[in-house]
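Visitor: I have a structure open and would like to learn how to read its features one at a time. Could you walk me through it?

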Amino acid sequence: QELKNQKYSLFFFYPAWIILQAGAILLLYAVREQHQMFQQLISVDSIPMTLSLGLFLLGSALVLFILSCRYQTNLPEALLHKIPSDFVGSTAESGCVRDDFPQMHIRKQDIVHILLLTVLTFTLLSFRLGSHQAPASGCILSSEMGTDEITLTFEESVSISRVYAFLGYESKRDFTFFSKINETDAVTSSQETLTSPFAWNSVDIGQSLTELRLRSEEDEAQLLELILLDSNGHLVLPANTAQYPELFDEQALWPGTPTFYEQTMFDEVYHGRTAYEFLHGLPIYENTHPPLGKILISGGIALFGMNPFGWRIVNVLCGTLMIPFAYLWGLRLTERRRFGLFSAILMMTGFQHFTLSRIATIDITVAVFLLAAFYFQYCFISTKKRRYLPLCGLALACALSTKWTGAYAALGIALVFFLWFFEKYLPLQKQAGIRKQVLQLTLICMVSFLVIPAVIYTLSYLPFTRVYPEQNLLQHVISNGQLMFRYHAHTVFEHPYASQWYDWILDRVPLLNSYTVLPDGRLSIVKTFLNPVIAWGSIPALLFCILRWRCRRDRQARTLVLFYLSMLLPWLFIHRTVFIYQYFGAALILIFCITYGISRLKRHQTRVLVLTGALSLALFALFY
């Protein structure tokens with residue numbers, strides 16, 4: 001309908017659309033089923049025919065699209081006065097309608113809505129977030145100090161089915177377990193690797209014995225608590241617990257069946273552990289991302305201790321902070337309060353938002369900074385108020401200091417800014433005083449997007465200078481940057497939950513964060529994937545925004561599309577192992593594409609709005 005309203009040449013458009021679909025299907029088939037790679041295109045040994053044909057069809061579709069744009073018929077002048085009623089404000093340029101940005105006014109009712117939604121979100125995210133207690137006292141097994149063994153004795157033969165060891169901050173510790181029934185029996189041994197820090201690591205024993213000996217095969221290993229279970233699952237205490245009081249003083253913390261509630265899960269073994277190391281000045285384990293996200297996590301640990309609640313609470317605050325931004329951006333896009341509420345509800349019921357806000361990883365941290373940066377940039381181009389530029393630069397600096405994906409957002413923000421700049425100042429370049437305005441704007445941008453990010457990114461490496469004083473701050477920035485680049489350029493491995501960018505769009509491959517079978521047969525599961533309302537409902541919404549941009553020169557739609565593409569397109573050229581949570585930054589923009597698309601409906605707008613919001617809530621409750 002948009003194309004017909006703009007008098008496009010549908011003779012070219014419909015074939016282009018069909019060819020585009022065929023090319024996309026062939027590319028997906030070539031990559032997913034035939035395992036063809038783009039590097040094979042330059043090989044003289046074997047040509048990937050399916051992949052080549054798919055690219056050829058995409059090129060043909062692009063040519064036809066260009067032709068359809070070239071032979072577009074301009075609207076008659078008489079139609080320029082018949083502007084559709086859904087436009088907030090408009091001007092006519094070159095025979096096309098072009099939207100102005102609506103101007104938002106925050107009222108008391110908006111503040112009440114934001115406060116209520118924020119409190120509700122915080123309550124929902126923090127409910128059963130994690131245990132407030134975890135083993136804290138323990139012992140260090142060190143070969144250098146001659147304390148690398150623990151010998152547990154029993155007064156009589158005891159059947160030990162399993163041992164659970166709560167490991168300290170070091171992961172992947174090798175232990176050898178020796179067991180014997182009495183003095184005359186041969187000693188049996190088995191070597192086990194305890195992998196997860198601050199978690200209950202299980203070791204199968206399955207023997208009747210009178211003595212159990214643990215020997216660390218590492219230079220140093222930290223054990224915080226030991227749990228011994230008999231064949232009935234009951235706790236067993238050795239006779240010499242007084243010899244190792246720090247290993248048996250917190251037996252009441254044993255949960256029976258450990259789940260995510262009592263221990264680390266997924267990448268918490270990296271980021272939660274590193275936050276603990278930052279706090280205590282220990283050698284830094286996870287250095288494949290900038291430090292700011294882990295520094296923030298360490299704040300929760302400092303306040304609440306090294307327990308699941310402590311290492312997750314900061315991310316709950318980050319997830320909660322995203323709700324006001326969602327409400328304000330929905331309100332600013334449409335100047336209607338119900339769309340602010342709708343955007344906030346979509347954010348609250350987004351599956352990824354909920355899961356990532358309750359896990360001590362840095363993905364929700366970078367997401368809140370990205371959302372803030374995108375929002376402040378949108379505020380600037382819609383209001384022309386320069387105070388938003390330093391705020392955008394500050395948010396972007398924090399995003400970059402948390403994860404390098406902030407650079408993708410920087411590209412989108414820069415593109416949107418320069419498009420706005422040329423549209424505003426090129427027609428006015430001969431007017432008096434324009435050079436002074438441009439110079440002032442340039443200085444503000446240099447401070448906002450160069451000085452502030454450089455300072456914050458550099459200062460985020462202060463924990464490194466505390467642990468490794470042999471290098472200064474700038475040396476740490478450079479050396480760790482080189483390490484991160486090498487790591488992300490060459491990290492390719494097999495993983496059952498790995499996925500590609502085209503899987504993300506269709507919400508095909510969820511990531512399993514935690515899986516536990518409880519004694520009564522129930523399952524404790526934590527997964528990361530998209531709410532289908534956002535994943536699938538955003539496809540027509542995104543196409544609608546693209547058409548609004550091209551057909552009506554809609555700058556709001558253009559901004560959303562460019563923000564989304566800046567977060568997605570770089571992943572097309574990255575060949576490391578990736579997962580669906582890396583789509584979260586792009587998925588944030590899809591929420592506002594859906595909001596904007598529904599706000600432009602001329603019929604059944606309220607019905608679609610209510611049904612979409614209700615469906616998102618229902619799916620969230622179902623999967624919760």
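What follows is a short talk about cores, a surface patch, backbone angles, cysteines and salt bridges.

Visitor: What should I know about the model before starting?

Guide: It's a predicted model, where local features need pLDDT of at least 70, side-chain atom pairs count only at pLDDT 80 or more, and totals for chains, interfaces and linings use all residues. Residues are numbered from 1 along each chain as its sequence is written, and side-chain values use heavy atoms, with hydrogens and water left out.

Visitor: How do I read a nonpolar core, and which residues touch the most other members of the largest one here?

Guide: In soluble globular proteins, nonpolar side chains tend to be buried together. A core here is a set of buried Ala, Val, Leu, Ile, Met, Phe, Trp, Tyr and Cys residues joined through side-chain atoms within 4.5 Å; buried means under 20% relative accessible area, exposed over 50%, and partly exposed in between (1.4 Å probe, protein chains only). The largest core has 103 residues, and M322, W329, F374, L441, L560 and Y583 touch the most other members. Helix α10 (residues 363-383) supplies the largest share of that core, 16 residues; helices (H or I, at least four residues) and strands (E, at least two) are DSSP runs, numbered from the N terminus. There's also a second, separate core of 26 residues, with I160, A165, V203 and F248 among them.

Visitor: What does L560 touch?

Guide: Leaving out residues up to four places away in sequence, L560 touches W329, L333, C545, I589, F592, C593 and Y596, where contact means heavy atoms within 4.5 Å.

Visitor: Which residues form a nonpolar patch on the surface?

Guide: Patches are made of residues with over 30% relative accessible area and no salt bridge, joining like charges within 9 Å and nonpolar side chains (Val, Leu, Ile, Met, Phe, Trp, Tyr) within 5 Å. In this model L439, L443, M446, V447, L450, V451, V455, L459 and L462 form one, with about 820 Å² of accessible area together (Shrake-Rupley method, 1.4 Å probe; for residues, only the protein chains shown count as cover). Helix α13 (residues 434-459) gives the most, eight residues. L439 is found in that helix and counts as exposed because its relative accessibility is 53%.

Visitor: And backbone angles: where is F198, and is it buried or exposed?

Guide: Most residues other than glycine have a negative phi, and most peptide bonds are trans. F198 has a positive phi, near 50 degrees, and sits in the loop between β6 (188-194) and β7 (200-216). F198 is buried, at 4% relative accessible area. E335 also has a positive phi, near 60 degrees, in the loop between α7 (308-334) and α8 (337-348), but E335 is partly exposed at 37%.

Visitor: How many disulfides are there?

Guide: A disulfide is a covalent bond between the sulfur atoms of two cysteines. With the cut-off set at sulfur atoms within 2.5 Å, a search of the whole structure finds zero. For C545, the nearest cysteine sulfur, that of C593, is 4.2 Å away.

Visitor: How many salt bridges does the structure hold?

Guide: The test is a side-chain nitrogen of Lys or Arg within 4 Å of a carboxyl oxygen of Asp or Glu, and the structure holds 14. R312 pairs with E268, closest N and O atoms 2.7 Å apart, linking helix α7 to helix α5 (residues 268-280) across 44 residues. Both R312 and E268 are buried. By contrast, E277 and R273, bridged at 2.7 Å, both lie in helix α5, four residues apart, about one turn of the helix.
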